[in-house]
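The sequence and the coordinates come first.

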Amino acid sequence: MTVVGDDDTASTASPGDSLFDRLRRGDAAAVARALSAIETGGPQADVVRGRLQSLDGAARVVGFSGPPGVGKSTLVNAYIDELRSQARSVAVLAVDPSSPVTGGAVLGDRTRMGNHTSDPGVFIRSVASRGHLGGLALSIPSMLDVLDAAGFDDIVLEAVGAGQSEVEISHFADTTVILSAPGLGDDVQAIKAGILEVADVLVVNKADLPGADETRRHLEAMLELRDTVTSPPVLPVVALHGNGIGAMTQAIDQNHAAQDASCGPQRRASEALRQAAIAELTRRIAADPELDRLGAAIHRGDINLADAVGALINRAASPDERNQP
Amino acid sequence: MTAVESTQLALPGFDAAKQRWEDAYTRQLPADSDVKRNRSGIEIKPLYGPDDWDGTTYLDTLGFPGEAPYTRGIYPTMYRGRTWTQRQLIGLGTPEDYNERIRFLIDNGSTAISLLPCNSGFRGLDCDEVPFPLLGTCGTVVNSVDHMDQALAGVDLASISTAMNDPTPFTLLAYVLGVAKRRGVPFDKVTGTSNQSDYISHYVANHMFYRLSQPGSRRLLVDHVEYCREVVPNWNPVSVVGQHMQQAGATPAETMGFTLSTAIQYAEDCMARGMDPDEILPRFTFFFDVSISLFEEVAKFRAGRRIWARIARERLGAKDPRSWRFKFHGQTSGVDLTAQQPLNNIARVAVQAVGGILSGLQSMHTDAYDEAITCPTEETARIAVATQNILREEAHLCDVIDPLGGSYYVEALTDQMEEEILAVMATVDAAGGMYEAVGSGLVQRMIGQSALAAQNRIDRGEEKIVGVNCFQTDDDGVPPPPMRPDADAMRKHVHDFIVFKEARSQADVDRALGQLRRAAQGDTNVFEQVVEAALVGVTHGEIVAALRDELGFGDPLVVA
Amino acid sequence: MSTPLRVLVTKIGFDGHDRGSRLVAAFLRDAGHEVVYTPPWQEISAVVTLALQEDVDVIGVSSLATDHLIVPDLMEALCDAGLDHVEVIVGGIVPDNEIPLLTDAGVARVFGPGSSREDIVDGVEELGRSAQQRKLSRGGFEA
């Protein structure tokens with residue numbers, strides 16, 4: 001049986017040894033079961049979430065995102081190798097979209113992350129987005145908590161950077177690495193959708209190809225439009241040959257140094273709350289008939305915008321009062 | 001081609017007669033009759049006539065056999081002069097088992113031989129480093145010059161052509177040359193073909209033969225062509241394989257398009273090394289599946305010949321007509337064979353073989369009827385060879401050259417297939433050529449979609465397969481017992497191999513492997529060092545391992 | 001919509017013909033399941049690790065060129081890893097007289113040539129649900 005971490009006693013479950021105890025020791029089977037429970041939802045998910053409560057975190061969570069074809073899996077593979085050379089244990093969540101029609105998915109990303117199956121210090125899990133269960137914003141933070149509780153030094157979160165849900169996922173990482181590469185057509189188009197805003201480190205992969213400099217200049221020009229004081233570094237990398245991985249790892253380390261890993265679970269809970277609250281508020285406002293009435297009132301000049309916003313949010317916050325005129 | 005306007009026809013009364021037939025046809029046709037399409041998606045009409053093909057472009061598009069554009073055949077005499085080569089693909093058990101089988105087949109009419117190595121060899125491994133139960137179940141275990149010597153015992157290398165299923169780095173040819181040297185046969189007398197030299201097809205469609213990274217394979221193929229041109233001039237170093245893509249699900253038109261695009265890639269790679277097209281193209285050969293979609297296959301090959309002649313001359317700049325000839329080996333398609341009611345496959349193979357002969361192929365393998373289940377037994381292999389003998393000797397298929405030429409249907413279909421093929425090639429060109437197009441997964445995705453579409457047609461019953469989705473029987477008859485190598489003989493073979501490795505000069509092996517690695521690191525000919533290593537006893541697994549170390553293994557793209 | 005099954009579709013041994021495994025992966029995806037798909041030539045130990053980490057319900061092994069002969073080794077390795085609740089199916093070319101070699105080793109079903117999309121999807125769903133039940137019956141996380 002494959003065991004994560006250095007604890008090779010975990011494979012032999014002693015009598016009275018609970019599944020959660022095994023999870024805490026990094027037993028791969030128990031970790032895998034807990035991840036499935038979270039994904040599926042239901043009573044087992046509630047039990048696992050309950051057991052995770054009040055545990056301090058220790059893992060560093062790095063998110064990798066970028067458009068299809070940019071070489072994310074290859075870069076993640078190189079990053080895993082780098083972490084393993086420092087004897088750090090790694091867990092990877094590789095997120096692929098489910099089919100919006102059937103809900104099914106073919107999860108092939110991990111096969112491009114090299115062959116780590118014989119290394120007990122690497123745990124990789126493919127995650128389908130399962131849109132019908134309310135989105136990844138609910139399951140991903142708890143899955144990260146599971147891996148954190150299992151004692152992994154580092155957790156890598158990999159997602160296709162093509163849509164809003166991936167932007168949401170990136171908020172759960174302590175450090176977000178956004179990838180681009182030359183030759184993907186319109187680079188700028190591929191990387192907008194707000195995702196640049198969340199980048200802590202920007203990587204230009206396939207930097208040995210023609211056009212890499214242009215891609216870098218594009219990114220730097222876009223960064224100048226951000227209204228933040230500091231800009232993330234833009235680093236050239238050739239993931240296939242491992243070039244530039246050292247510098248990327250250093251940039252990730254520097255970003256982590258400013259954060260307290262023990263607060264990871266709490267930060268993830270806050271972020272999940274923020275996203276869930278926004279989603280609920282959005283849903284209520286969209287369903288409120290008062291929206292159109294207030295819009296018409298603004299148009300007529302009967303009310304100013306700020307007052308209308310206040311009124312709408314008050315109604316959303318106290319939905320019971322809606323029926324009372 | 002655009003249909004001929006009937007008003008141009010010098011056939012008074014044609015339009016009225018056609019109208020009468022159309023009316024009768026429409027009236028009498030069952031209401032639930034479907035539109036027919038061939039596997040390449042071309043709509044097939046119920047009748048073709050002079051308004052579809054009138055022969056006015058005869059000299060440009062057809063011409064005569066042995067003359068460009070070779071649509072009707074690449075030689076003036078075709079089967080009147082010499083019938084196709086019967087080359088049965090054989091591989092099983094130990095080299096002694098193989099030798100026994102090929103001598104049997106030569107006695108039964110085979111005129112050339114082909115060697116399929118064990119799957120462990122395709123993976124680049126020697127017999128002493130793999131799970132024993134898998135050894136020799138699908139091919140012959142050949143890991144050294146000694147093994148090749150046993151396999152080819154009693155075979156005159158100066159007179160019998162040998163096709164080796166030998167992906168990069170071409171160790172089997174190196175071992176053949178080792179045997180030739182032992183027997184005093186000059187290298188320029190050795191004839192045959194490096195089948196499976198087409199690394200792109202392995203990356204795309206048949207991962208079984210995939211052995212070295214794409215950049216490494218790309219370089220080794222050019223090294224191999226360069227070496228053979230100088231040292232083994234009667235050997236065909238390049239066999240471009242359409243078979244894998246068609247078996248993986250590409251339509252016949254896609255298959256021909258991808259294959260010709262691949263041939264262009266290889267030719268241009270060699271030319272970039274400074275080789276003259278007329279020095280290399282006469283030794284290019286092609287290898288295809290022949291499916292049971294008979295007319296479509298005939299049209300595929302006739303169109304392919306015509307396109308290649310034009311490409312070789314106009315795009316690649318070849319001036320020697322021998323460079324323009326599209327020489328191909330056809331293998332009856334195993335994909336059409338069924339495990340249900342296996343004896344039915346004898347009929348299928350016969351129809352496929354007729355299609356291949358009517359297409360004007362240069363050499364042919366006919367599948368044994370148990371090919372869908374296992375490696376052929378001696379009896380099933382004999383029937384496969386007999387099928388070719390019957391078609392050649394009894395069916396009068398060899399009397400007339402290109403006997404379907406001039407058929408309204410076949411000529412119109414040949415033109416339409418040509419259009420489809422050219423469209424596929426244009427897609428590949430737009431992606432930067434075949435090497436780039438497979439690197440990005442474009443070709444794999446196209447093949448995957450075609451495979452899924454074909455399966456859906458079968459599942460929906462639109463494509464009928466006897467014994468599978470119609471005319472099923474509860475009892476499919478007793479299947480032939482699978483061929484499995486004799487375990488004791490195989491154990492002895494592995495044991496002898498280990499003894500051989502211990503007895504050879506380790507200093508020679510180390511020196512040869514060092515030279516091989518240095519060649520790979522630098523820019524001298526790597527294949528030359530493969531041959532040198534083979535001659536001093538370096539094994540197949542050792543050669544492939546050293547080159548994987550230097551040139552990389554890579555991973556074939558998975559596009560599900 | 002019910003919870004998707006998780007299925008590992010893979011190939012062990014030397015053969016690289018993967019048309020069948022790709023089609024089966026697509027069938028299962030289109031039926032709403034999550035397929036972890038691998039290239040050919042997986043080591044048996046790698047298949048065990050994948051099954052464990054991905055917590056799959058069913059493993060589908062595709063075999064065209066005699067690779068089924070080492071499936072009994074896979075079954076033993078799965079058992080040793082505590083994965084005996086996982087159902088294993090083999091698809092492809094398995095001669096009739098060698099099917100007992102697989103079923104005796106614990107393979108649940110062998111899908112031969114001509115198996116329809118429905119046969120395969122229905123078979124996998126039935127086996128997958130029973131694998132999930134078996135796993136649950138062995139206890140889960142306790143509050």
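The model is predicted.

**Chain A in outline**

Chain A contains 12 helices and eight strands. Of its 325 residues, 50% count as buried. Among contacts in chain A with a separation of 6 or more, 74% are between residues 24 or more positions apart. The accessible surface of chain A is about 14,700 Å², and carbon and sulfur atoms hold 53% of that surface.

**The nine-stranded sheet of chain B**

In chain B, nine strands make up an open sheet with parallel pairing, in the order S7-S6-S5-S4-S3-S11-S10-S9-S8. The edges are taken by strand S7 (235-236) and strand S8 (238-241) of chain B; each has a single partner strand, so one side of each has no neighbour in the sheet.

Strand S10 (residues 328-332) of chain B has five of its five residues buried, so the strand is largely enclosed by the rest of the structure. Burial applies to both faces of S10(B): B:Phe328, B:Gly330 and B:Thr332 lie on one side, B:His329 and B:Gln331 on the other.

| Strand pair (chain B) | Sense | Bridges | Residues opposite each other |
|---|---|---|---|
| S9 (residues 284-290) and S10 | parallel | five | B:Phe288 and B:Gly330 |
| S10 and S11 (residues 363-365) | parallel | three | B:Gly330 and B:Met364 |
| S3 (residues 85-90) and S11 | parallel | two | B:Gln86 and B:Met364 |

Helix H16 (residues 378-393) of chain B lies across S3 and S11 of chain B and runs at about 170 degrees to S3(B).

Another open sheet has six strands in the order S3(A)-S2(C)-S1(C)-S3(C)-S4(C)-S5(C), with parallel pairing. Strand S3 (105-107) of chain A and strand S5 (109-111) of chain C are the edge strands; each has a single partner, so one side of each is left without a neighbour in the sheet. From one strand to the next the twist averages 25 degrees.

Within this sheet, strand S3 (residues 58-63) of chain C and strand S4 (residues 87-92) of chain C are joined by six bridges in the parallel sense. C:Ser62 has C:Gly91 in S4(C) as its bridge partner. Helix H5 (residues 117-137) of chain C packs on the sheet and touches strand S1 (6-10), S3, S4 and S5 of chain C, with its direction at about 165 degrees to that of S4(C).

**A buried residue in a helix**

B:Ala299 belongs to helix H13 (residues 294-315) of chain B. Its relative accessibility is 0%, so B:Ala299 counts as buried. Leaving aside residues up to four places away in sequence, B:Ala299 touches B:Leu413, B:Thr414 and B:Met417.

**Aromatic side chains**

Over all chains the structure holds 24 aromatic pairs. A:Phe123 and A:Phe152 form a tilted pair, at 6.0 Å centre to centre and 55 degrees between the planes. A:Phe123 is in strand S4 (residues 122-128) of chain A and A:Phe152 in the loop between helix H5 (136-149) and strand S5 (154-160) of chain A, so the pair ties together parts 29 residues apart in sequence. Both of these residues, A:Phe123 and A:Phe152, are buried.

For B:Tyr79 and B:Trp84 the ring centres are 5.2 Å apart and the planes stand at 70 degrees, so this pair is edge-to-face. B:Tyr79 and B:Trp84 are both buried. One aromatic cluster consists of B:Phe286, B:Phe288, B:Phe301, B:Trp308, B:Phe326 and B:Phe328.

Arginine side chains also lie over aromatic rings. B:Arg123 is over the face of C:Trp41, 3.6 Å from the ring centre. B:Arg313 is over the face of B:Trp324, 4.4 Å from the ring centre.

Definitions and conventions
Residues are numbered from 1 along each chain as its sequence is written. Chains are lettered from A and ligands numbered from 1 in the order in which they are written. This is a predicted model: local features need pLDDT of at least 70, side-chain atom pairs count only at pLDDT 80 or more; totals for chains, interfaces and linings use all residues. Side-chain values use heavy atoms; hydrogens and water are left out. Two strands pair if DSSP finds at least two bridges between them. Helices (H or I, at least four residues) and strands (E, at least two) are DSSP runs, numbered from the N terminus. Axes are lines fitted to C-alpha atoms, for helices over the stretch in contact, and angles run from 0 to 180 degrees between N-to-C directions. Contact means heavy atoms within 4.5 Å. Rings of Phe, Tyr and Trp (its six-membered ring) pair if their centres lie within 6.5 Å; planes under 30 degrees apart count as stacked, over 60 as edge-to-face and the rest as tilted. Buried means under 20% relative accessible area, exposed over 50%, partly exposed in between (1.4 Å probe, protein chains only). A charge sits over a ring if NZ of Lys or CZ of Arg is within 6 Å of the ring centre and within 35 degrees of the ring normal. Accessible areas come from the Shrake-Rupley method with a 1.4 Å probe; for residues, only the protein chains shown count as cover.
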